[in-house]
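Subject: Structure handover

Dear colleague,

Please find the structure below.

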Amino acid sequence: MRIISKLFFVSNFVISRITRKQIWKKVRQKIGNIPHLSIDWDDLTDRFIEPVIWVVDHFSDSLGKIFVSLVWLLIMFVVGVAYWIGLSFYWNISAKLTIALVIFGHWILLNVVFHYYMALITPPGLPPDAEQIPHIKARCKKCQSVKPERTHHCSICRTCILRMDHHCPWLNNCVGHFNHRYFFLFMAYVVLGMIFLFIFGAPVIVHELSISDASEPIGYPVFHNGSHLLPVKQVEDVTPPRSRSLRRAVSVTVAILCAGILAALGALVGWHARLISRGETSIENLTNKDDREAKRLEGSTFVNPYDYGSYENWRIFLGLSEGRTWRCVFFPSVHPPRGDGISWCFKNDLTHVCYK
């Protein structure tokens, strides 16, 4: 549990510099309001975050590969333990129940592996050459590329990303227009898998913990010669009693890992679901907060031009157009998202070609 917490703490720093600056700005504003507290927050935060930025800028690629390897190893470890301990437990109870659990579990596993792999290999979306979109005049100050709406520069990838959400170290990739759906569904199916393991893994853990080593055969084999019990010499075909300490340790380890993953990803899935319902990315959520506060002080209401209502926002995000149904959500699908990530429709203009 402690290792997972440390990994998530480190990964929080591996995000775009835009997001980091906005977060620290808000922290300074909140603490700066405390009376009689005079601190040079600019100097303090610079001293603290500069070493972190240096590590991220110089070793982000290596760290990303390590995180990706950890994800694959964790998936294989959890699945292996489920086969080793859980499968035999339920098979002794009911073969039909075991088959149903295996089918349902493999449906979850298929979606987890598929969406994670697609999020890894799918480019998030790069702006095209300026000659291809001459109507867009905005340019990035860092990479000098053309900068359509909702595009942001990633200091780790060192390029602009279409509808950038954030840079994810667990993917070693940016989350943008073309792989955002894969990223979210991967997390959602992992959370579903953790719930599945907790529900059907609890009886297994209780069973493993309730059986002590003392209840297993101890001593050595004997035979009765008619009047006395005499020891039998150990031979190769006599199997020594199997200790359950390893099974118990592995079961508890998986339970702790699943609890940490469920807590972390459960909160993250809820957060991203809220943003999707509002038609925002993680970066836009930060900037829109400032705009909402400014409009509130002016006595007016902020309107997100990319918010088409919760239901339509989800259909746009999941790419449910051109006859696609929810089957593309419950089963692996490589369909692209709506639009090209360059031209965007505004509210009450859903008839535009980019959202047909």
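A pocket here is an open set of points on a 1 Å grid over the protein atoms alone where a 1.4 Å probe fits, with protein on both sides within 12 Å along at least five of seven lines; lining residues have an atom within 4 Å of a point. Grid points are joined across faces, edges and corners, and a volume is the space filled by probe spheres set on the points.

The model is predicted: local features need pLDDT of at least 70, side-chain atom pairs count only at pLDDT 80 or more, and totals for chains, interfaces and linings use all residues. Residues are numbered from 1 along each chain as its sequence is written, and side-chain values use heavy atoms, leaving out hydrogens and water.

The second largest pocket has a volume of about 290 Å³. Its lining comprises 24 residues, with Arg 163, His 177, Asn 313, Ile 316 and Phe 317 nearest the centre. At least two lining residues come from each of α5 (180-210), α6 (245-277) and α8 (310-318); helices are DSSP runs (H or I, at least four residues) numbered from the N terminus.

Val 252 is also in helix α6. Val 252 is partly exposed, at 34% relative accessible area (partly exposed lies between buried, under 20%, and exposed, over 50%, with a 1.4 Å probe and protein chains only). Its C-alpha atom is separated by 9.5 Å from that of Glu 208, 44 residues apart along the chain.

Ile 66 belongs to helix α3 (residues 41-93) and is partly exposed, at 48%.

Regards
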